[in-house]
Structures are given as structure tokens and as C-alpha cells.
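Student: Hello! Could you walk me through this structure, one step at a time?

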Amino acid sequence: MTLGLVWAQAHGGVIGGGGAIPWHVPEDMAHFREVTAGSAVIMGRRTWDSLPERFRPLLGRRNIVVTRRHDWHADGAESAGSLPAALALVGGDGWVIGGGQLYAQAVDSADILEVTHVDLDTDGDTHAPPLDRWRGVRAHPEHGWHTSRTGIRYRFVTYEREAERCPPR
Ligand SMILES: NC(=O)c1ccc[n+]([C@@H]2O[C@H](COP(=O)([O-])OP(=O)(O)OC[C@H]3O[C@@H](n4cnc5c(N)ncnc54)[C@H](OP(=O)(O)O)[C@@H]3O)[C@@H](O)[C@H]2O)c1
């Protein structure tokens, strides 16, 4: 089973503010759809709530929402009482798609990260996990930035886990 995390972060690892993503980069939404197409996607209940109603459930993907609310229900989504319960429900490959709480809980189990770096200083209340134990293995573009039609610069980077350092013999 491969577990991936996919997010977009501004400077300082900001991923959200006030229950929303504080920028609009449609090209990144297209990238997100491509990365997660046909897969199970696992999200925290607040991320589900942050999706505009017309976009949820996310089409062509199995939507799993993690919540402590036993009575939580939404058409087109399955609920799980914890991240391990969500992973057991998936039983195979999947993507954690947010938000901050879910990334923090999932990052130690992840095999791969797909991170969109957004070249923006913005305030926020929700942050991505640190990337210090991960190494970028692919970037698009390789150097520099894409520029969105909204004018914001962004860059896609795939990260794999740093090899664990062996203690000296
Ligand atoms: N930039 C990006 O790529 C990106 C992607 C996704 C989201 N976001 C942003 O991230 C923010 C939301 O993130 P967030 O950290 O506030 O919330 P979140 O991780 O989306 O959801 C938190 C909720 O998940 C449930 N939960 C968390 N841990 C749990 C556990 N161990 N067991 C059972 N349930 C658990 C709880 O739901 P209940 O309260 O129902 O119990 C909790 O309130 C928004 O601003 C959103 O726009 C950004």
C-alpha cells in the first residue's frame, strides 16, 4: 500500500486560514485532480466542510472523512473515526488531502508527498508538516516557477523520505 499526502503551501508552510485556502491557483486544482484521480482520498471533517458544496464529494474518487462525530453523514462520503480506521477502510493506496490536523497525523506513515509551493507571503492559521526529513526528487518546472493565470507563481515538487541515517559503527 502506498500512502501519499498532497497539499499546496505558501511561504512558511501556510496551507489555510479561516477555513479556506488563502489563494486561487486553478492550475494547482487541475494538478490535484490529476494526482488523486481514481484514488481514495482521506480528509479531515473541516476540509470536507471547506469544499464548496458543488465540488463534494470529489468526483471519480472514494471520499473518506475522518471525524469524531459518530452521527456524521454526508452523501457520497464514508466516515472513519480515526486516521488508522480510514486507512483500514481504504485497504490499499490512497491520498491524504488535508487539512493540517490530518497531514500532521499522516506524515510519518507517508511514502510520498506531492507539494505545490506557492510563491506567496500570506497569513494563515493552518500549516503543513515540516519537510526537513524529506528530499525533493522531482520538480516542475525543474528550475524557477510557473505563473498562474491569476498571476501567482507556483512550482510542483515530489518528495520522498530521506534515507534514515545509520548510527556510526
Ligand atoms: N493548501 C492545501 O493544500 C489544503 C488542503 C486541505 C485543506 N486545507 C486547509 O486546511 C484547513 C483545514 O485544516 P484543519 O487542520 O483545520 O482541519 P482538518 O485536518 O481538515 O480536519 C480536522 C477535523 O478532523 C477530525 N479529526 C482530526 N483528527 C482526528 C482523529 N485523530 N480522530 C477522529 N477525527 C479526527 C475532527 O473532526 P470533528 O471535529 O468532526 O470530530 C477535526 O475537527 C482549511 O483552512 C483548509 O482550507 C488546505
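Tutor: Gladly! Let us begin with a term: two residues are in contact if their C-beta atoms, placed from the backbone, lie within 7 Å. Keep in mind, too, that this is a predicted model.

Student: Which residues does I42 touch, not counting residues up to four places away in sequence?

Tutor: Here we use the 7 Å cut-off between C-beta atoms. Leaving out residues up to four places away in sequence, the contacts of I42 are I64, V66, A86, V90, G94, V96, I97 and L102.

Student: Which residue is the bridge partner of I42 in strand 4, and which one stands opposite I42 in strand 6?

Tutor: Strand 3 runs parallel to strand 4, with five bridges between them. Strand 3 is also parallel to strand 6, joined by three bridges. Across from I42 we find I64 in strand 4 and, in strand 6, V96.

Student: Is strand 3 enclosed or open, and why?

Tutor: Look at the two ways its residues point. A40, I42 and G44 point one way, V41 and M43 the other, and all are buried. In a regular strand, side chains alternate between the two faces of the sheet. Because five of the five residues of strand 3 are buried, the rest of the structure leaves this strand largely enclosed.

Student: What handedness does the β-α-β unit of strand 3, helix 2 and strand 4 have?

Tutor: The two strands of this unit pair in the parallel sense. With helix 2 between them, the β-α-β unit is right-handed.

Student: Which members of the largest nonpolar core touch the most other members?

Tutor: This core has 33 residues. Elements giving two or more residues to this core include strand 1, strand 3, helix 3 and strand 7. The members touching the most others are W7, V41, I42, V96 and L102.

Student: Which residues are the closest to the ligand?

Tutor: The ligand is surrounded by 28 residues. By class, this shell has 10 nonpolar, 14 polar and four charged residues. Among the elements that each supply at least two of its residues are strand 3, helix 2 and helix 4. The closest residues are G16, G44, G98, G99 and G100.

Student: Where are the cis peptide bonds that join R56 to P57 and G98 to G99?

Tutor: The R56 and P57 bond has an omega of about 0°, while for G98 and G99 omega is about -5°. P57 lies in the loop between helix 2 and strand 4, and G99 in the loop between strand 6 and helix 4.

Terms used: Residues are numbered from 1 along each chain as its sequence is written. This is a predicted model: local features need pLDDT of at least 70, side-chain atom pairs count only at pLDDT 80 or more; totals for chains, interfaces and linings use all residues. A residue is near a molecule or strand if its C-beta atom, placed from the backbone, lies within 6 Å of it. Helices (H or I, at least four residues) and strands (E, at least two) are DSSP runs, numbered from the N terminus. Ala, Val, Leu, Ile, Met, Phe, Trp, Tyr, Cys and Pro count as nonpolar, Asp, Glu, Lys and Arg as charged, and the others, Gly among them, as polar. A residue is buried if 20 or more other C-beta atoms lie within 10 Å of its own, exposed if 12 or fewer, and partly exposed in between; C-beta atoms are placed from the backbone. Two strands pair if DSSP finds at least two bridges between them. A crossover is right-handed if, with the strands pointing away from the viewer, the path from the first strand over the helix to the second runs clockwise. A nonpolar core is a set of buried Ala, Val, Leu, Ile, Met, Phe, Trp, Tyr and Cys residues joined through C-beta atoms within 7 Å.
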